[in-house]
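Please read this briefing alongside the sequence and the three-dimensional model shown below.

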Amino acid sequence: MPIGLLLVQALNGLQLGILLFLVAAGLTLVFGVMHFINLAHGVQYMLGAYLGATLAAWTGSFWLGLVLALPAALLCGLVLEVAVFRHLYGRDHLSQVLATFGVILFLNEAVRTLWGSAPLPMAMPESLSGGIPLMPGLLYPTYRLAIIAAGLATALLLWFLVERTRLGMLVRAGASNAPMVSALGVDIGRLFTAVFGFGAMLAGFAGVLAGPIFSVEPGMGDNLLILAFVVIVIGGIGSIRGAFLAALLVGLLDTLGRSLLPELMRLFLAPSPARQAGAALASMLVYVVMAAILALRPAGLFPARGA
Amino acid sequence: MGAAAALLPARRARAQQAGIKVGLVAIQTGPQAALGTQLRDGFLLGLRHLDGKLGGLPAETVMIDDELKPDVAVTKVRAAIERDKVDVVAGVIFSNILQAIMRPVTESQTFLISTNAGPSTFAGRGCNPFFFTTSYNNDQVHSVMGQAAQDAGYRRVFVMVPNYQAGRDAAAGFRSRFKGEVVDEVYVPLTQLDFSAELAKFAAAKPDALFTFMPGGLGVNLVRQYRQAGLANIPFLSTFTVDESTLPAQGEAALGFYTAAPWAPNMDNPANTRFVRDFEAAFGYVPGSYAAQSYDAAMLLDSAVRRVGGKLSDKAALREALRKADFHSVRGNFRFGVNHYPVQDFWLCKVAKRPDGKFQTETVRKVLADDVDPYAAECRMR
């Protein structure tokens with residue numbers, strides 16, 4: 001494979017990683033701070049995409065749609081927290097998994113009832129609709145560069161919030177010893193609600209950004225959720241830094257696996273079985289690596305402090 | 001005498017009440033529900049055009065949501081046959097559902113009319129006297145695109161399909177008529193979201209055209225990303241990737257992309273003009289092939305029931321009447337082959353924007369005329 005194409009694929013991998021990070025960040029925050037397994041994170045991503053697509057079509061502007069979708073996603077997250085999730089914090093993980101899985105089924109059907117089951121259109125902003133030539137005949141869409149920038153900005157913002165602010169300090173303290181923080185006079189319930197709402201908003205943000213590239217349809221978050229879980233498990237649950245690096249790792253592995261493995265297999269097999277075996281292996285690669293990492297470091301690459 | 005005369009109208013009334021019940025298998029849950037909705041609306045419009053009657057008998061539709069789960073489909077279809085006493089089962093979007101309900105339906109001597117799924121399993125040795133389809137044999141559609149690529153003189157084509165049975169069948173179907181070089185064959189998982197790695201590979205290979213089969217949301221992702229990557233100057237040849245069920249989401253991005261089909265909304269014949277106009281007026285969206293084939297199924301049933309004079313119990317006569325296919329198909333040219341699969345024309349179609357701003361596929365040229373599916377010769381119909 002020519003070196004130019006390899007570089008292009010590396011860039012594609014980084015970009016997929018950044019998108020994964022946007023989804024995984026909220027998940028790892030909620031999981032790390034509240035020890036709460038939220039399978040419904042994927043449908044919150046879907047809700048964000050639907051809200052973004054609807055509001056963008058309604059206002060006629062992607063940017064207005066984005067700005068309005070964020071508080072709407074936050075609101076949805078808070079409603080869910082108050083109505084369902086709040087009652088699950090004290091329960092064991094099995095109850096949480098069951099209840100949040102129920103939320104997935106409920107919201108997927110609700111979205112289908114409200115918007116119909118056909119995929120929704122969502123135009124990308126006019127100013128970002130161009131592309132820069134990457135290699136002969138292939139453009140790299142400007143919009144994807146914007147996603148990379150948004151992902152990096154989100155990572156920085158999260159790092160700043162968690163590591164450098166008073167709120168972040170409380171969140172970290174709550175993560176390592178919630179009863180103690182509560183005893184010191186902090187309303188831990190409100191803190192959890194805030195963290196959860198913020199996580200929901202992050203998922204919604206990722207959903208809006210993904211809208212113009214991916215199909216906005218019921219169940220769109222389900223596949224992504226699995227990858228997001230792989231990311232936070234590899235990165236170390238609760239660790240923002242871990243999630244960031246693991247997301248990049250997963251994005252690179254997946255993309256390079258998909259482009260290189262079929263070629264590699266051709267060294268051992270006939271072309272036709274090599275392509276199919278390569279494709280099958282590539283889709284397993286991420287999970288194989290996750291298993292290997294967990295075998296060597298059960299807490300993930302960058303376990304959160306105190307966890 | 002007077003008493004007998006008084007009884008007569010009552011008996012006639014009872015005879016009229018004995019109408020025809022159709023079990024319509026249309027998926028209504030899950031990501032693929034949009035296809036089931038098209039299928040259902042097409043059939044219902046057919047009934048509406050026939051004043052709610054099939055061959056003069058008042059028709060009743062029993063809706064069956066298969067949920068894309070073969071076991072669920074079998075349970076519900078069995079209930080429809082045994083409890084609701086349906087006379088005919090119609091519909092079915094997916095081949096795996098059709099395969100599951102085939103035996104329970106046909107073994108109870110109930111006619112099964114597929115309006116979309118057309119696996120080759122039931123076209124050759126597995127052909128069945130109680131089974132008809134108003135769609136096509138799946139393999140035909142892919143091979144039509146192979147022929148179209150061949151006719152257009154493309155020499156190097158890049159093939160990209162999902163890594164499962166239907167995807168591999170699509171690639172094989174395309175290659176059956178395309179004699180040029182397949183530069184690369186890329187298989188992607190069914191859960192694929194981002195195609196940038198594949199598209200980079202595609203651009204590096206510098207092919208004359210792309211052939212792809214990416215149903216549903218996969219196709220929405222691919223079409224958008226193909227356009228965004230500036231690749232749209234390379235012909236996009238596809239099957240089941242750009243159609244009226246996905247075009248509302250693909251919109252401008254799909255403009256000028258190709259697909260293969262036996263029918264398109266712009267076909268110019270009186271039956272089709274009426275179908276498309278009334279469909280859009282009734283349901284507010286552009287009909288796709290799923291709707292058109294189901295509409296045809298309603299018309300087919302109507303013609304057959306009329307021919308046997310409403311006597312549904314005479315299965316042999318009803319079968320003969322169905323074989324005649326004595327109705328005006330929205331496709332124009334339509335008849336059944338020995339295996340009860342249609343013998344019909346196939347077209348190269350292209351995505352176009354209509355003056356009212358909606359998108360639809362439109363015929364470009366006829367690729368195959370009166371095409372008999374490749375398995376028909378193996379069928380020994382009893």
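In this predicted model, the centres of domain 1 and domain 2 of chain B, taken over C-alpha atoms, are separated by 30 Å. Domain 1 of chain B covers 11–136 + 268–343 and domain 2 covers 139–261, with bounds that come from an automatic or database domain assignment. Local features need pLDDT of at least 70 and side-chain atom pairs count only at pLDDT 80 or more, whereas totals for chains, interfaces and linings use all residues. Residues are numbered from 1 along each chain as its sequence is written, while chains are lettered from A and ligands numbered from 1 in the order in which they are written.

**Between the domains of chain B**

- Twelve residues from domain 1 of chain B and nine residues from domain 2 of chain B form the contact, two residues being in contact if their C-beta atoms, placed from the backbone, lie within 7 Å.
- On the side of domain 1 that touches domain 2, helix 2 (33–49) and helix 11 (289–307) of chain B are the elements that give two or more residues, and helix 2 of chain B gives the most, with three residues.
- Helices (H or I, at least four residues) and strands (E, at least two) are DSSP runs, numbered from the N terminus.
- That side of domain 1 of chain B divides into seven nonpolar, five polar and no charged residues, where Ala, Val, Leu, Ile, Met, Phe, Trp, Tyr, Cys and Pro count as nonpolar, Asp, Glu, Lys and Arg as charged, and the others, Gly among them, as polar.

**Between the chains**

- In the contact between the chains, 34 residues of chain B meet 36 residues of chain A.
- Helix 2, strand 8 (181–188), helix 7 (196–205), helix 8 (217–228) and helix 9 (247–250) of chain B each supply at least two residues to the side that touches chain A, and helix 7 of chain B gives the most, with seven residues.
- The residues on this side of chain B comprise 17 nonpolar, twelve polar and five charged.

**Chain A as a whole**

- Chain A has eleven helices and two strands, which follow the pattern α-α-α-α-β-β-α-α-α-α-α-α-α along the sequence.
- For 307 residues a compact globule would have a radius of gyration near 19 Å, and the 20 Å of chain A agrees with this; the radius is taken over C-alpha atoms, and the globule rule is 2.2 Å times the number of residues to the power 0.38.
- The C-alpha trace of chain A spans about 65 × 50 × 35 Å along its principal axes.
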